[in-house]
Amino acid sequence: MLDYPQVALAFMNRDHAEFVELLQRITAALTAREQPAHIDALLDELLAHTRAHFAEEERRMQAVQFPPYPMHQGEHQRVLEDIEAHVGAWKTRRDTAALHDWLAHAVSDWFTTHVASMDFVTAAYIAARGEK
């Protein structure tokens, strides 16, 4: 289970919980050696969820003119590109160990750090301006 803080916005907390649940489902599917098509669908769901979450977060940052928006949005872009690259690599190579390692280390480490730093500050800023 990932250890990450709750932030000042309910939608972010909900989306973060859904992200963690998707990571757990993908990891369980890999461990159970489920069919690649099922893992493909879960990875596609993770990517779609992440895109939607980032878009909503970015919309709210822009609405309150969050000063470090470019840095936070740039991090989102970098992460989306990384997810797309790893999903593409999985669909090409079907390397279960590599996908599992990436999810367990790179994605999990990024997520806990991102929530505890960028998202924590962003949510507090947005909430302080009356957004929910």
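Helices here are DSSP runs of H or I with at least four residues, strands are runs of E with at least two, and both are numbered from the N terminus. Before you click around: this is a predicted model, where local features need pLDDT of at least 70, side-chain atom pairs count only at pLDDT 80 or more, and totals for chains, interfaces and linings use all residues. Residues are numbered from 1 along each chain as its sequence is written, and side-chain values use heavy atoms, with hydrogens and water left out.

**Whole protein, cartoon view.** Start at the N terminus and follow the elements: they run α-α-α-α. That's four helices and zero strands. Switch to the C-alpha trace, and along its principal axes you'll find a span of about 45 × 25 × 20 Å.

**Surface view.** Next, show the surface. Of the 132 residues, 41% count as buried, meaning under 20% relative accessible area with a 1.4 Å probe and protein chains only; exposed is over 50%, and partly exposed lies in between.

**Helix α2.** Now select residues 36–63, which make up helix α2, and pick out His 53 within them. Is His 53 buried or exposed? It's buried, with a relative accessible area of 6%.

**Around His 53.** Which residues is His 53 in contact with, leaving aside its neighbours within four places in sequence? Select Phe 11, Met 12, Asp 15, His 16 and Asp 119 to see them. Contact here means heavy atoms within 4.5 Å.

**Zoom back out.** Look at contacts across the protein with a separation of 6 or more: residues 24 or more positions apart account for 74% of them.
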